[in-house]
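Hello,

Here is the structure I promised to pass on. Please open it first, then read my notes below.

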Amino acid sequence: MARIKLYTVDEAEKTLPFVKRIVSDIVKTFEEREKRVIDRQKLGPSPAPGTKAEERALELEREIETFDTEIQRFHEELQKVGVEIKDLRIGLIDFYSRYDGRIVYLCWKLDEGETLGWWHDLQGGFRGRQPITPVNRGRFKGLGSGEKFVELA
C-alpha cells in the first residue's frame with residue numbers, strides 16, 4: 001500500500017509555482033539527456049578502443065548518467081510533496097485528490113499555466129481528462145482533519 005497526500009484544487013494550485021520550477025528543470029534536463037543519448041547512438045555500440053569516438057562515447061555516457069541522477073533528484077522532490085510525474089518530455093504531472101469518495105488525479109502539464117484545469121480517474125490517463133469547472137471544483141477534497149496521508153490500495 002502506498003501512502004499518498006490528497007489535495008483540493010486550491011491546495012494543489014498553491015504548490016504550482018514550486019512544482020512548476022521542478023517540472024521545468026525535469027523537462028530541460030530530460031531534453032539535454034535525450035540529445036546525449038542520440039549522439040551516443042550515432043557512435044555505434046562499441047567504438048574502437050583508443051579512438052576519439054571511444055573517448056566521446058565515454059564522455060556522453062558520463063553526461064547521461066549525470067542527467068539521470070539529476071532527474072531522479074527532481075523526481076524525489078516532487079514525491080516529497082505528493083506529486084507524480086507522468087511524462088518527462090512534456091512535464092505532465094498528477095496530484096491525488098478525492099472526488100465523490102474515490103481517489104482521482106488532478107492533472108496538469110507544464111504549458112497549462114498557473115491553474116489546474118483537468119482531472120481524471122486513476123486508470124483514465126491523459127486521454128480520460130475531464131475539465132475542472134466552477135461547478136465541480138469544490139467537490140475535490142484533500143486530507144481530512146488530522147490526516148497526514150491516506151493509504152492507496
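Start with Asn-136, which sits in the loop between strand 6 (130–131) and strand 7 (140–141). Strands here are DSSP runs of E with at least two residues, helices are runs of H or I with at least four, and both are numbered from the N terminus. Asn-136 has a relative accessible area of 9%, so it is buried. Buried means under 20% relative accessible area, exposed means over 50%, and partly exposed is in between (1.4 Å probe, protein chains only). Asn-136 and Tyr-99 are 37 residues apart along the chain, and their C-alpha atoms are separated by 9.1 Å.

A word on the source: this is a predicted model, where local features need pLDDT of at least 70 and side-chain atom pairs count only at pLDDT 80 or more, while totals for chains, interfaces and linings use all residues. Residues are numbered from 1 along each chain as its sequence is written, and side-chain values use heavy atoms, with hydrogens and water left out.

Asp-100 lies between strand 3 (92–99) and strand 4 (102–109). Asp-100 is not a glycine, yet it has a positive phi of about 50°. Its relative accessibility is 48%, so Asp-100 counts as partly exposed. Gly-117 is in the loop between strand 4 and strand 5 (118–121). Gly-117 is also partly exposed, because its relative accessibility is 25%. From Gly-117 to Gln-130 is 13 residues in sequence and 8.3 Å in space, C-alpha to C-alpha.

Now the rings. There are five aromatic pairs. Tyr-96 and Tyr-105 form a tilted one, with 5.0 Å centre to centre and 40° between the planes. Rings of Phe, Tyr and Trp (its six-membered ring) pair if their centres lie within 6.5 Å; planes under 30 degrees apart are stacked, over 60 edge-to-face, and the rest tilted. Both Tyr-96 and Tyr-105 are buried. Ring pairs also join Tyr-99, Trp-119 and Phe-140 into a cluster.

Last, the helices. Helix 1 (residues 9–42) packs against helix 2 (residues 52–80) at an angle of about 160°, with the axes 9 Å apart. Axes are lines fitted to C-alpha atoms, for helices over the stretch in contact, and angles run from 0 to 180 degrees between N-to-C directions. Helix 1 and helix 2 are therefore roughly antiparallel (under 35 degrees is roughly parallel, over 145 roughly antiparallel, 65 to 115 roughly perpendicular, the rest oblique).

Best wishes
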